Amino acid sequence: IMPIEVVEMIAKKGLKAVGYVRVSTDEQAREGQSLEVQSSRVAAYCEAKGWELLRTYTDEGESGKSLARPGIQSLIADLKNNGVDVVVIVKLDRLTRSIRDLGSLIDDLFKGVALASVEESLDSSTANGRMVMNLLGSVAQWEREVIGERTKAVLDHKAEKGEHVGRIPYGFAIGESGKLIEKPEEIQNIRKMKREHHRGRSIREIAAKYKLGKSTVQQLVRTDLRLLKNRAN
């Protein structure tokens, strides 16, 4: 049970707060889940509470399955320096999708620092808040595991039929047969990227021009086009 002074603290104004926001790769394009939207909601929540938001920690393209994320690890490390009263998140599953990790965070790693969730209107400084957070954490973990099982079954079925499974690479699309087919315009773009990079244009500039991620462009310009085309076979 958290100390009574922490329970009383959460209702006070003028607290020192930090935010935490996260998106996983498949959520980055979803409206309402972007890092910017989450950060804005954290800031608005702190303002409404009269708390001082010191900083917001970010994990982009990171799964909530474990705590092996640079942003959350920086947050945990910085909490050891004290001066922070409450950690603010938009939703519990942004922090973690593991009930074990949630318990570890609340009971051990945050060590007396309260946890507040904007969307669920919960905080870990009360017995009821802690109970509901654990229940929601259990549901989130169950949901993730069920989705994982269903996804695996679908992918296994598609693989058995010889259909493509996994991420669709740039330059290709899924045809009626379920297999990869080339997208001529994007294949031509890959050729252009390779030429531009060979002439000295930076990965950053090419990525901006074609509106792609830097890591994607880096892979495309360094991979033989014949190997890319083999994916469609």
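The largest nonpolar core in this predicted model has 19 residues, and Leu75, Val87, Leu95 and Phe110 touch the most other members. Two or more residues of this core come from each of strand S1 (16–23), helix H3 (70–79), strand S3 (86–89), helix H4 (92–95) and helix H5 (99–109). H3 gives the largest share, 4 residues. A second, separate core of 15 residues includes Val23, Val42, Ala116 and Val118.

**Overall figures**

- The protein has 233 residues, and 39% of them count as buried.
- Its secondary structure consists of 10 helices and 7 strands.
- The accessible surface is about 13600 Å², with 51% of that area belonging to carbon and sulfur atoms.
- Among contacts with a separation of 6 or more, 61% are between residues 24 or more positions apart.

**Phe110 in the largest core**

- Leaving aside residues up to four places away in sequence, Phe110 touches Leu75, Ile76, Leu79, Val87, Leu95, Leu105 and Leu115.
- Of these contacts of Phe110, Leu75, Val87 and Leu95 are also named, with Phe110 itself, as the residues that touch the most other core members.

**Strands S1 and S2**

- In S1, 7 of the 8 residues are buried, so this strand is largely enclosed by the rest of the structure.
- S1 and strand S2 (residues 52–60) run parallel and are joined by 8 bridges.
- One of the residue pairs between them is Lys16 with its bridge partner Glu52 in S2.

**Strand S3 and its neighbours**

- S3 also runs parallel to S1, with 3 bridges between them.
- Across this pairing, Val18 stands opposite Val87 of S3, and Gly19 stands opposite Val88 of S3.
- S3 is joined to S4 by 4 bridges, and these two strands run parallel as well.
- The partner of Val88 in S4 is Ala116, a residue that belongs to the second core.
- In a regular strand, side chains alternate between the two faces of the sheet.
- In S3, Val86 and Val88 point one way while Val87 and Ile89 point the other way, and all of them are buried.

**Helix H9**

- H9 spans residues 214–222, and its buried residues include Val217, Leu220 and Val221.
- These three lie on the same side of H9 because they cover an arc of only 90° around the axis.
- Ser215 and Arg222, on the other side of H9, are exposed.

**Salt bridges**

- The count of salt bridges is 7.
- Side chains of opposite charge can pair when their charged atoms come close.
- Glu119 and Lys91 form one of the salt bridges, at 3.9 Å from N to O.
- This pair links distant parts of the chain, 28 residues apart: Glu119 is in the loop between strand S4 (114–117) and strand S5 (122–123), and Lys91 is in the loop between S3 and H4.
- Glu119 has a relative accessibility of 41% and therefore counts as partly exposed.
- Lys91 also counts as partly exposed, because its relative accessibility is 29%.
- Both residues belong to a network of salt bridges that links Arg41, Lys91 and Glu119.
- Glu186 and Lys183 form another salt bridge, with their closest N and O atoms 3.4 Å apart.
- Glu186 counts as buried because its relative accessibility is 17%, under the 20% cut-off.
- In the salt bridge between Arg201 and Glu196, the closest N and O atoms are 3.4 Å apart.
- Here Glu196 is the buried residue, with a relative accessible area of 12%, whereas Arg201 counts as partly exposed at 33% relative accessibility.

Conventions: Residues numbered from 1 in each chain as written. Predicted model: local features only at pLDDT ≥ 70, side-chain atom pairs only at ≥ 80, totals over all residues. Heavy atoms only, no water. Core = buried A, V, L, I, M, F, W, Y, C linked by side-chain atoms within 4.5 Å. Buried < 20%, exposed > 50% of the residue type's maximum accessible area, 1.4 Å probe, protein only. Contact = heavy atoms within 4.5 Å. Areas by Shrake-Rupley, 256 points an atom, 1.4 Å probe, with all protein chains shown as cover. Arc of directions from axis to C-beta. Pairing = 2+ DSSP bridges. Salt bridge = Lys/Arg side-chain N within 4 Å of Asp/Glu carboxyl O.
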